[in-house]
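Subject: Structure handover

Hello,

Here is the structure you are taking over. Please open it next to this email and follow along.

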Amino acid sequence: MRILAFFATGSEDAEFVITVDLLRRARIEVLTVSVDDSNPVSLSHNINVTPDRILSDLGDEEIDEFDGLFLPGGKIGVSNLKKSDRLMSIIKRFNENKKLLSAICAAPTVLAHAGIMKGHKFTCYEGWQDEIDGIYEAVGAMKDENIVTGRSLNYSIDFSLLIIEYLLGSDAKEKVEKGILRRE
């Protein structure tokens, strides 16, 4: 399995790092992709991250080889993700092909901005649900069809484990849980 982890200046540091870390522990290939042309990218709490790739350097054929995508929250980061017309196009294309779309905190609004949340169940950071035309539930993490959403940084592990379970099954999820002593 291969996932594109898109981020931008101002993306939420811990949501990004925790999710990428846990997906890689599950042996999911994660390519970190900045929608900014800056390198490194300064996240919301001034942690600088060097992306694996810059979105403008990726071709559509290469992108289409991936099984899904992940979007971290962070108010400024989410605003910057929404500015990328190319990212909006990728989200729509992935949704049409029923590939994984995962977003945490304020980032489900990016999926809504791409026009794919209507009628879907979702969770997000309290207050952002008004920007999403879907069915909000105040839970830590949830899946509806090919869409996985997480509520906040506090639920980053739950969110990541749900992605792992969706992509690889419960055995892979349990292996990661044991590895981080979440389940002994």
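Two strands pair if DSSP finds at least two bridges between them. Helices (H or I, at least four residues) and strands (E, at least two) are DSSP runs, numbered from the N terminus. This is a predicted model: local features need pLDDT of at least 70, side-chain atom pairs count only at pLDDT 80 or more, and totals for chains, interfaces and linings use all residues. Numbering starts from 1 along each chain as its sequence is written, and side-chain values use heavy atoms, with hydrogens and water left out.

**The sheet**

An open sheet of 7 strands runs in the order β5-β2-β1-β6-β7-β11-β10, with mixed pairing. At the edges stand β5 (53–54) and β10 (141–144). Each has a single partner strand, so one side of each is left without a neighbour in the sheet.

Look next at β7 (residues 100–104). It pairs with β6 in the parallel sense, over 4 bridges. Leu-101 in β7 is the bridge partner of Leu-69. Ala-103 in β7 is the bridge partner of Leu-71. β7 also pairs with β11 (residues 147–150), again parallel and over 4 bridges. There, Thr-149 of β11 is the bridge partner of Ala-103.

Is β7 buried or exposed? Buried means under 20% relative accessible area, exposed over 50%, and partly exposed in between (1.4 Å probe, protein chains only). In β7, 5 of the 5 residues are buried, so the strand is largely enclosed by the rest of the structure. In a regular strand the side chains alternate between the two faces of the sheet. Both faces of β7 are covered. Leu-100, Ser-102 and Ile-104 are buried on one side, Leu-101 and Ala-103 on the other.

Thr-32 belongs to strand β2 (residues 29–34). Thr-32 counts as buried because its relative accessibility is 6%. Its contacts (heavy atoms within 4.5 Å) include Ala-5, Phe-7, Phe-16 and Asp-52, not counting residues up to four places away in sequence.

**The helices**

α4 lies across β1, β6 and β7 and runs at about 135° to β6. For such angles, axes are lines fitted to C-alpha atoms, for helices over the stretch in contact; angles run from 0 to 180 degrees between N-to-C directions.

Helix α3 (residues 75–82) has Gly-77, Val-78, Asn-80, Leu-81 and Lys-82 buried. Their cover includes β1 (2–7), β6 (68–71), α4 (85–96) and α5 (108–113).

The axes of α6 (residues 156–168) and α7 (residues 170–179) come within 7 Å and cross at roughly 145°. From α6, Leu-161, Ile-164, Glu-165 and Leu-168 meet Ser-170, Ala-172, Lys-173, Val-176 and Glu-177 of α7. By class, this contact has 5 nonpolar, 1 polar and 3 charged residues. Here Ala, Val, Leu, Ile, Met, Phe, Trp, Tyr, Cys and Pro count as nonpolar, Asp, Glu, Lys and Arg as charged, and the others, Gly among them, as polar.

Leu-168, in α6, is partly exposed, with a relative accessible area of 37%. Leu-168 touches Met-1, Ala-26 and Ile-28, not counting residues up to four places away in sequence. The C-alpha atoms of Leu-168 and Lys-99 are separated by 14 Å, and the two residues are 69 apart along the chain.

**The rings**

Rings of Phe, Tyr and Trp (its six-membered ring) pair if their centres lie within 6.5 Å; planes under 30 degrees apart count as stacked, over 60 as edge-to-face and the rest as tilted. How many aromatic pairs does this rule give? The count is 4 aromatic pairs. Phe-16 and Phe-70 have ring centres 6.5 Å apart and planes at 15°, so the pair is stacked. Phe-16 lies in helix α1 (residues 13–25) and Phe-70 in strand β6, so the pair ties together parts that are 54 residues apart in sequence. Phe-16 and Phe-70 are buried.

Phe-122 and Tyr-136 form a tilted pair, 5.7 Å centre to centre with 55° between the planes. Phe-122 counts as buried at 0% relative accessibility, while Tyr-136 counts as partly exposed at 24%.

Ring pairs also link Phe-7, Phe-16, Phe-70 and Phe-159 into a cluster.

Two charges sit over rings (NZ of Lys or CZ of Arg within 6 Å of the ring centre and within 35 degrees of the ring normal). The charged end of Arg-2 is over the ring of Phe-66, 4.1 Å from its centre. Lys-99 lies over the face of Phe-94, at 4.7 Å from the ring centre.

Best wishes
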